[in-house]
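Student: I have a new structure to read. Could you walk me through it, feature by feature?

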Amino acid sequence: MDELDIPPDAIDDKLSIEMLRAFIANGAQSVSINKEFFLDRSFSEGKAWGVFLADTIRHIANDISHRAKLDEEAVLTDILTALSSEIA
């Protein structure tokens with residue numbers, strides 16, 4: 001199994017919490033989520049995950065745009081178009 005490194009910020013922060021772990025296994029996506037973190041909060045669990053995933057998508061778009069020397073907003077549009085198509 002090929003795992004990614006833990007981000008330096010997460011190593012440095014003693015209060016950091018892993019929220020999501022995702023793999024491609026047996027030809028399909030396999031995901032573990034932190035089911036407890038957003039429970040018993042003053043906001044909707046669904047909305048909290050939406051904000052978390054939006055931030056994650058922005059990180060992905062930023063990384064792709066820097067590596068491929070593409071416009072970040074164009075990359076973000078591609079991601080959101082694919083997301084909208086897949087989630088419908």
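Tutor: Start with the order of the elements. From the N terminus on, the chain runs α-β-β-α-α. That comes to three helices and two strands. Keep in mind that this is a predicted model.

Student: What spans does the C-alpha trace have along its principal axes?

Tutor: They are about 40 × 30 × 30 Å. Now take the radius of gyration. A compact globule of 88 residues would have a value near 12 Å, but this chain has 15 Å.

Student: How much of the chain is buried?

Tutor: Buried residues make up 11% of the 88 residues. The surface comes next. The chain exposes about 7600 Å², and carbon and sulfur atoms supply 56% of that area.

Student: What share of the contacts join residues at least 24 apart?

Tutor: The count takes contacts between residues at least 6 apart in sequence, and 8% of those join residues at least 24 apart. For one pair of positions, look towards the ends. Leucine 4 sits in the segment before helix H1 (8-12). Leucine 4 is exposed, at 81% relative accessibility. Its C-alpha atom is separated by 30 Å from that of alanine 88, which lies 84 residues away along the chain.

Student: How many positive and negative side chains are there?

Tutor: There are 8 positive and 17 negative side chains. The centres of the two sets lie 2 Å apart.

Student: Next, the aromatic rings. How many aromatic pairs does a search find?

Tutor: The search of the whole structure finds four. One of them is phenylalanine 38 with phenylalanine 43, an edge-to-face pair with 6.3 Å centre to centre and 70° between the planes. It counts as edge-to-face because the planes are over 60 degrees apart.

Student: Are those two partners buried or exposed?

Tutor: Take each in turn. Phenylalanine 38 counts as buried, at 10% relative accessibility. Phenylalanine 43 is partly exposed, with a relative accessible area of 41%. Phenylalanine 38 also pairs edge-to-face with tryptophan 49, at 5.2 Å centre to centre and 85° between the planes.

Student: Where do phenylalanine 38 and tryptophan 49 lie in the chain?

Tutor: Phenylalanine 38 is in the loop between strand E2 (28-33) and helix H2 (45-68), while tryptophan 49 is in helix H2. They are 11 residues apart, and the pair links distant parts of the chain. Tryptophan 49 is buried, with a relative accessible area of 14%. Now widen the view: Phe37, Phe38, Phe43, Trp49 and Phe52 form one aromatic cluster.

Student: Which residues does serine 65 contact, leaving aside its neighbours within four places in sequence?

Tutor: Serine 65 is in contact with Leu70, Asp71, Glu72 and Val75. Serine 65 itself is found in helix H2. Why does it count as buried? Its relative accessible area is 6%, so it falls under the 20% cut-off.

Student: What is phi of aspartate 40?

Tutor: Phi of aspartate 40 is near 55°, again a positive value in a residue other than glycine. Aspartate 40 sits in the loop between E2 and H2. With a relative accessible area of 82%, aspartate 40 is exposed.

Note on methods. Residues are numbered from 1 along each chain as its sequence is written. This is a predicted model: local features need pLDDT of at least 70, side-chain atom pairs count only at pLDDT 80 or more; totals for chains, interfaces and linings use all residues. Side-chain values use heavy atoms; hydrogens and water are left out. Helices (H or I, at least four residues) and strands (E, at least two) are DSSP runs, numbered from the N terminus. The radius of gyration is taken over C-alpha atoms; the globule rule is 2.2 Å times the number of residues to the power 0.38. Buried means under 20% relative accessible area, exposed over 50%, partly exposed in between (1.4 Å probe, protein chains only). Contact means heavy atoms within 4.5 Å. Accessible areas come from the Shrake-Rupley method with a 1.4 Å probe; for residues, only the protein chains shown count as cover. Lys and Arg count as positive and Asp and Glu as negative; His and the chain ends are not counted. The place of a charge is taken as NZ of Lys, CZ of Arg, CG of Asp or CD of Glu. Rings of Phe, Tyr and Trp (its six-membered ring) pair if their centres lie within 6.5 Å; planes under 30 degrees apart count as stacked, over 60 as edge-to-face and the rest as tilted.
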